[in-house]
Amino acid sequence: MEGSKRTLALVLKRQDYREYDSLVSFYTKEYGKLSLMARGTKKLKSKLAGHLEPLTLVDLMIIPGKGRDYVGSAIGQEAFLNLKSDLNGLYYAGLGLRWFNRLVGENEADSELFYLLLNYLDILNTQESEELNKELGELIFSFFVFKFMAITGYRPATSDCLSCGHKIIPGKNYFNLKNGGLVCADCFSKRPLGENTELLTISDNCVKLLRFMLDNNLDLSQKLKVDKKLIKEMAVLTRGFLNFRT
Ligand SMILES: [Zn+2]
C-alpha cells in the first residue's frame, strides 16, 4: 500500500478506543515508540486483535492516516507463551514493559533499545519455571534497567566519586540516586543538608555487581552467582534510581 512502512515491533500497551477500535503502543525497531490506531479490533471476527496484546513481537505494517497512523497488519512472530504461563515471568515482563513505556519518548528510534527489550523478554521466556523465582526475576530486571540507563545516557559513574572525582576505593561508599553515581565517604560526611534522601549506602559487592551489569551484555548464560542479600540491595538501588528518573 502506498506510503506504508514495515518494521518489527513489540506491543507495549493496548487501550480500547471508540466503539470497535483500539489504540496500541508499539516499540518498533525502525521508528521507536509509536501509538497507532487499530481498526475493528473489538469486532468478533477481528484477526488483528490476537496479535495486538502486550508482550507480543509482531511484523507490523504501518499505514499513514490523516490524523493518526494506523495498523495495516500485524503478524505475530513471538508470543512469549512460556513467560506468560509463569506468574513470576509475567510479573517481571510487565514491570519491565511499564518502566520502558514510561521512560521512552515517542518517535525516537533506537534499535539498541529495541533489542534490549526483546532480549529481556527472551531471557524471561527461556527460564525454566522452577528457576524463575523472585530473586532471579529481580536480578534480570536490575540488569535490564542499568543497561537501559547506559543506552539512554544515564550510565551511573562507578569508578570515580561524583563529588570530588577521586577514585572510588572499597570500603564505605554511597550511591547518589539523583545524579547517578558513587560518592565517597569523605564527600558523604561533608554533604550539604537535605541531600540525605538521594544517598544510599552501597556495599563493595553491590558496586562490583553494578559494574558487571554496565560492562556486559544482558545475558545470564554465565550463571551469575549472587546471594539473596545482594539481590535485595540491588533491587532497592534499582527502584530508587528509577524513581528519580520520572
Ligand atoms: Zn568524594
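This is a predicted model: local features need pLDDT of at least 70, side-chain atom pairs count only at pLDDT 80 or more; totals for chains, interfaces and linings use all residues.
How many aromatic pairs does the structure hold? The structure holds nine.

**Whole chain**

Start with the protein chain in cartoon view. Seven helices and eight strands make up its list of secondary-structure elements. Along the principal axes, the C-alpha atoms fill a box of roughly 65 × 40 × 25 Å. Switch to a surface: the protein chain exposes about 13000 Å², and carbon and sulfur atoms supply 50% of that area. Of the 246 residues, 47% count as buried.

Next, display contacts between residues at least 6 apart in sequence; 63% of these join residues at least 24 apart. To look at charge, select the 34 positive and 29 negative charges of the protein chain, whose mean positions are 4 Å apart.

Now return to the nine aromatic pairs. Select Tyr 91 and Tyr 92: their ring centres are 4.8 Å apart and their planes stand at 90 degrees, so the pair is edge-to-face. Are these two residues buried or exposed? Tyr 91 has 36% relative accessibility and therefore counts as partly exposed. Tyr 92 counts as buried because its relative accessibility is 0%.

Lys 134 lies over the face of Tyr 91, at 4.5 Å from the ring centre.

**Phe 143 and Phe 212**

Move to Phe 143 and Phe 212. Their ring centres lie 6.2 Å apart with the planes at 65 degrees; an angle over 60 counts as edge-to-face, so this pair is edge-to-face. Which parts of the chain does the pair link? Phe 143 belongs to helix 4 (residues 134–151) and Phe 212 to helix 6 (residues 204–215), so colour both helices to see distant parts of the chain, 69 residues apart, linked by the pair.

Phe 143, at 0% relative accessibility, counts as buried, whereas Phe 212 is partly exposed, with a relative accessible area of 24%.

**A ring cluster**

Select Tyr 27, Phe 100 and Phe 148 together. Ring pairs link these residues into a cluster.

**Arg 39 over Tyr 70**

Which part of Arg 39 sits over the ring of Tyr 70? The charged end does, 3.9 Å from the ring centre.

Note on methods: Residues are numbered from 1 along each chain as its sequence is written. Side-chain values use heavy atoms; hydrogens and water are left out. Rings of Phe, Tyr and Trp (its six-membered ring) pair if their centres lie within 6.5 Å; planes under 30 degrees apart count as stacked, over 60 as edge-to-face and the rest as tilted. Buried means under 20% relative accessible area, exposed over 50%, partly exposed in between (1.4 Å probe, protein chains only). Helices (H or I, at least four residues) and strands (E, at least two) are DSSP runs, numbered from the N terminus. A charge sits over a ring if NZ of Lys or CZ of Arg is within 6 Å of the ring centre and within 35 degrees of the ring normal. Contact means heavy atoms within 4.5 Å. Accessible areas come from the Shrake-Rupley method with a 1.4 Å probe; for residues, only the protein chains shown count as cover. Lys and Arg count as positive and Asp and Glu as negative; His and the chain ends are not counted. The place of a charge is taken as NZ of Lys, CZ of Arg, CG of Asp or CD of Glu.
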